[in-house]
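Subject: A structure for you to look at

Hello,

Here is the structure I promised to pass on to you. Please have a look at it first, and then read on for what turned up in it.

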Amino acid sequence: MPTIEDFRERYPEFKEVDGFRIDLFLLDAQQEISQARWGRLFERGVLALAAHLLRLSLWTEKGKGEANRSTASETAGELSVSYAMPTLTGTDADYQLTAYGQEYLRLRRLVGIGVMVA
């Protein structure tokens, strides 16, 4: 099972996040991924999903519970930048919001798991 140390080693950008909080998201991710089905990619999948869930949680905390919305453009003085916004549809759309979610989807495709319906 992945540990807090494993998480911080792979994702050092979360080094300031409390270990208890990281552990909470590691446990959440482990409940959503089958070790038997994921095999050798299990730990990487758990780490990526936990990082995705943690990042969403931190964004939610920063926004005081408001839904996360992607920035389409920014302006600073005379400089203006617009970004191409991906169309987010389907059951996997929220995973596209973070690099961690995208990694989780990539690994899930390697494992051969499509959309899972409970």
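Let me start with the aromatic rings: the structure holds 6 aromatic pairs. Here rings of Phe, Tyr and Trp (its six-membered ring) pair if their centres lie within 6.5 Å; planes under 30 degrees apart count as stacked, over 60 as edge-to-face and the rest as tilted. One of these pairs joins tryptophan 38 and tyrosine 104, and it is stacked because the ring centres are 5.6 Å apart and the planes stand at 15°. This pair links distant parts of the chain, with tryptophan 38 in helix α3 (residues 35–38) and tyrosine 104 in helix α5 (residues 99–111), 66 residues apart. Helices (H or I, at least four residues) and strands (E, at least two) are DSSP runs, numbered from the N terminus. Tryptophan 38 and tyrosine 104 are both buried. Buried means under 20% relative accessible area, exposed over 50%, and partly exposed in between (1.4 Å probe, protein chains only). There is also an aromatic cluster, formed by Phe7, Tyr11, Phe14 and Tyr100.

A word on the model before going further: it is predicted, so local features need pLDDT of at least 70 and side-chain atom pairs count only at pLDDT 80 or more, while totals for chains, interfaces and linings use all residues. Residues are numbered from 1 along each chain as its sequence is written, and side-chain values use heavy atoms, with hydrogens and water left out.

For the overall layout, the chain has 5 helices and 2 strands. Along the sequence they follow the pattern α-α-α-α-β-β-α. Of the 118 residues in the chain, 33% are buried.

Next come the charged pairs. A search of the whole structure finds 3 salt bridges, a salt bridge being a side-chain nitrogen of Lys or Arg within 4 Å of a carboxyl oxygen of Asp or Glu. In one of them arginine 44 pairs with glutamate 103, and the closest N and O atoms are 3.6 Å apart. Arginine 44 counts as partly exposed, because its relative accessibility is 30%. Glutamate 103 is partly exposed too, at 22% relative accessibility.

Glutamate 103 also forms a salt bridge with arginine 106, where the closest N and O atoms are 2.9 Å apart. Because they are 3 residues apart in helix α5, arginine 106 and glutamate 103 are separated by about one helical turn. Arginine 106 has 34% relative accessibility and so counts as partly exposed. Together, Arg44, Glu103 and Arg106 are linked in a network of salt bridges.

Which side chain meets arginine 108 in a salt bridge? The partner is aspartate 92, at 2.5 Å from N to O. Arginine 108 lies in helix α5 and aspartate 92 in the loop between β2 (79–82) and α5, so the pair ties together parts that are 16 residues apart in sequence. Arginine 108 is buried, with a relative accessible area of 9%.

- Glutamate 9 has its place in helix α1 and counts as exposed, at 67% relative accessibility.
- Phenylalanine 42 is in helix α4 and is buried, with a relative accessible area of 4%. Its C-alpha atom is 8.5 Å from that of methionine 1, although phenylalanine 42 and methionine 1 are 41 residues apart along the chain.
- Leucine 26 lies in helix α2 (residues 19–32) and counts as buried, at 0% relative accessibility.
- Histidine 52 belongs to helix α4 and is buried, at 1% relative accessibility. From histidine 52 to phenylalanine 25 the C-alpha to C-alpha distance is 9.1 Å, and they are 27 residues apart in sequence.

Enjoy exploring it!

Best wishes
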